[in-house]
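Q: Please take a close look at one part of this model. I would like to follow a single residue and then its surroundings.

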Amino acid sequence: EGKKVTFDNVLLLDKGGDVTIGAPAIDGAFVEAKVLKHLKGDKVIVFKKKRRKGYRVKNGHRQSFSEIQIEGINATGGKKAAKKEAAPKKEAPKAEAKPAPAVEASGDLSKMTVAQLKEMAKAKGIEGISSMKKADLIAALS
């Protein structure tokens, strides 16, 4: 209680009628809040019954939740934007590494995997590769 919390997964911002929608979240936006108290919600009754069998079970629980107070909404300057920039850098080296072995083994297509064949077909510009089987891919690449 009294602890400061930040939410960096902001889906929508409204700045005086100017609405920004994230896809799925808005980069750099975050909400600052303060925890007021921890509570338990109303009772939830879970009643299970199978008719004509004499089976009746009554269970229930009270869900825990925290009451918070929003202190500020920031549209820029969050930590999430830095995480998004780091992800594309990791993907780029993988894309460069895969085509090289596929070009070396292009002599014998039947020994290659379907994924490698699809990658070669994609590089050559062949369309409809997602529904092709291995034999169809070999025929299209030959």
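Which residues does leucine 141 touch, not counting residues up to four places away in sequence?

A: This is a predicted model. Leucine 141 touches Leu109, Leu117, Met120, Ala121, Lys124 and Ile126, with residues up to four places away in sequence left out.

Now place leucine 141 in its helix. Leu141 belongs to H4, which spans residues 134–141. Helix H4 packs against helix H3, residues 114–124. The angle is about 35°, and the axes lie 10 Å apart. H3 passes H4 in a left-handed crossing.

Look at the contact itself. From H3 come Val114, Leu117, Lys118, Met120, Ala121 and Lys124. From H4 come Lys134, Leu137, Ile138 and Leu141. By class, this contact has 7 nonpolar, no polar and 3 charged residues.

Leu141 is also part of the largest nonpolar core. That core has 8 residues in all: Leu109, Met112, Leu117, Met120, Ala121, Ile129, Leu137 and Leu141. The largest share, 3 residues, comes from H3. A second, separate core has 5 residues, among them Leu13, Ile26, Ala29 and Val31.

Finally, turn to the sheet. It is open, with 3 strands in the order S1-S4-S5 and antiparallel pairing. Strands S1 (4–7) and S5 (55–74) are at the edges with a single partner strand each, so one side of each has no neighbour in the sheet. The twist averages 45° from one strand to the next. S1 pairs with S4 (residues 30–50) over 4 bridges. Valine 5 has alanine 33 in S4 as its bridge partner.

How values were computed: Residues numbered from 1 in each chain as written. Predicted model: local features only at pLDDT ≥ 70, side-chain atom pairs only at ≥ 80, totals over all residues. Heavy atoms only, no water. Axes fitted to C-alpha atoms, helices over the stretch in contact; angles between N-to-C directions. Helix = DSSP H or I, 4+ residues; strand = E, 2+ residues; numbered from the N terminus. Left-handed = near helix turned anticlockwise from the far one by under 90°. Contact = heavy atoms within 4.5 Å. Nonpolar A, V, L, I, M, F, W, Y, C, P; charged D, E, K, R; others polar. Pairing = 2+ DSSP bridges. Core = buried A, V, L, I, M, F, W, Y, C linked by side-chain atoms within 4.5 Å. Buried < 20%, exposed > 50% of the residue type's maximum accessible area, 1.4 Å probe, protein only.
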